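My entries follow in the order of looking.

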Amino acid sequence: MGREEIAYQNKDITSKVLTENFKGKTFKVYGLNLPEIREARPTDIPAVKANELRMDDLFELEDDTVAILDYESDYDKNDKVKYLNYLTGVANRYQKEKKDCPVLRMVVIYTGDISRGQVSTEYNIGAVKLSIEAAFLSELDSDGIMERLQGRVERNEMLTDEELMEFIILPLSYRKKEEKEKRIRDTVGLAARIQDRGQQIFTLAGILAFTDKIIDRETANKIRRAIEMTQVAMIFEEEKQQAVEAERKRAAASERKAVEVERRKAADLLEIEKKKAADLLEIEKKKAADLLESEKQKAADSEKQMVEKMLKKGYSTEEIVFLVSNYSKTEVETLRKTL
């Protein structure tokens, strides 16, 4: 398998990871004043020829422009013809999709081998004029970035989007091939220690994608295995979280059911107590009524006895009615006849 074929295979492996995770990130840490990334797009451009034309990266940006990215470790002005092919290929793709072609940006990131003074960003052949937006990784403080990232990872801190973008490009900021290869291994080892699995897999995939032209097969395979293991771990973690959530919901439902049972018990007990209180009140009311009736009867009997005594002593009906107001003349006369 040739170096170019390995590079394409790496792109295929990492494209899904990067497509899902590039959204919202920018290239400002590389010195490029570009809007945020909206979406990573496929990089293959079917050409008229039998061979395939393929750029390094293609991004839709938040200002509706499209950035074509290429990484170069040396400067050759003839590469600008390649860039023109990229641009026409992308324009043709939009035409085939029956869409208007957006404003295209040609962005070239030069590795640590190239300084700004070596590069011309303009290409003018009369009818066509090409302007390149260039970034020079030689201008980054590579060792300072490495030391800062190392400290953040060792302290198990979450990385910012800017630090993630620094992480994935860092090996390319060194000048010599041997140093690049060493730094690839160093950053891969450091990335494998990132605690957050989402950030870990993005960093590993980014390193694999951005260094695919210089990475050796052994290191590339190591990264692929690490990505696969991390993805499996993420699936296990997701399943674990789903199980925990299911158990939490089950426990919550069980608790709600228990609360409802206790509520019903309390309601039933309250109803029983209310009925007991009502029954007791009814009993007390009947007792009071019976007592009142008894007292009224006693008073009536006492009055009757008093009227009888008065009759026996010869009191007239008018005198009795005057003295005992509850008795009428008729009642007194009726009682008189019984004596």
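How many aromatic pairs does the count come to? I get nine aromatic pairs, where rings of Phe, Tyr and Trp (its six-membered ring) pair if their centres lie within 6.5 Å, and planes under 30 degrees apart count as stacked, over 60 as edge-to-face and the rest as tilted.

I note the basis here: this is a predicted model, local features need pLDDT of at least 70, side-chain atom pairs count only at pLDDT 80 or more, and totals for chains, interfaces and linings use all residues. Residues are numbered from 1 along each chain as its sequence is written, and side-chain values use heavy atoms, with hydrogens and water left out.

**Ring pairs**

I looked up F22 and F59: the ring centres are 5.0 Å apart and the planes stand at 80 degrees, so this pair is edge-to-face. F22 lies in the loop between α1 (3–21) and β1 (37–41) and F59 in strand β4 (residues 57–61), so the pair ties together parts that are 37 residues apart in sequence. I take helices (H or I, at least four residues) and strands (E, at least two) as DSSP runs, numbered from the N terminus. Both F22 and F59 are buried, where buried means under 20% relative accessible area, exposed over 50%, and partly exposed in between (1.4 Å probe, protein chains only).

I then looked up Y71 and F210, whose aromatic pair is tilted, at 5.1 Å centre to centre and 40 degrees between the planes. Y71 belongs to strand β5 (residues 66–72) and F210 to helix α6 (residues 197–210), so this pair ties together parts that are 139 residues apart in sequence. Y71 is buried at 6% relative accessible area, and F210 is buried at 3%.

Which residues do ring pairs link into a cluster? I find F22, F27, Y30, F59, Y71, F202 and F210 in it.

**K25**

I followed F202 to K25, whose charged end sits over the F202 ring, 4.8 Å from its centre; the criterion is NZ of Lys or CZ of Arg within 6 Å of the ring centre and within 35 degrees of the ring normal. K25 also forms a salt bridge with D161, with the closest N and O atoms 3.6 Å apart. I count a salt bridge where a side-chain nitrogen of Lys or Arg is within 4 Å of a carboxyl oxygen of Asp or Glu. K25 lies in the loop between α1 and β1 and D161 in helix α4 (residues 161–169), so the bridge ties together parts that are 136 residues apart in sequence. Is K25 buried or exposed? K25 counts as buried at 7% relative accessibility, whereas D161 is partly exposed at 36%.

**Other salt bridges**

My count comes to 31 salt bridges. E157 and R155 meet in one of them at 2.9 Å, N to O. E157 is partly exposed at 30% relative accessibility, and R155 is exposed at 51%. Both belong to a network of salt bridges that links R148, R152, R155, E157, E163 and E166.

I also looked up D186 and R183, a salt bridge with its closest N and O atoms 3.6 Å apart. The two residues are three apart in helix α5 (residues 177–191), so about one helical turn separates them. D186 is partly exposed at 26% relative accessible area, while R183 is buried at 17%.
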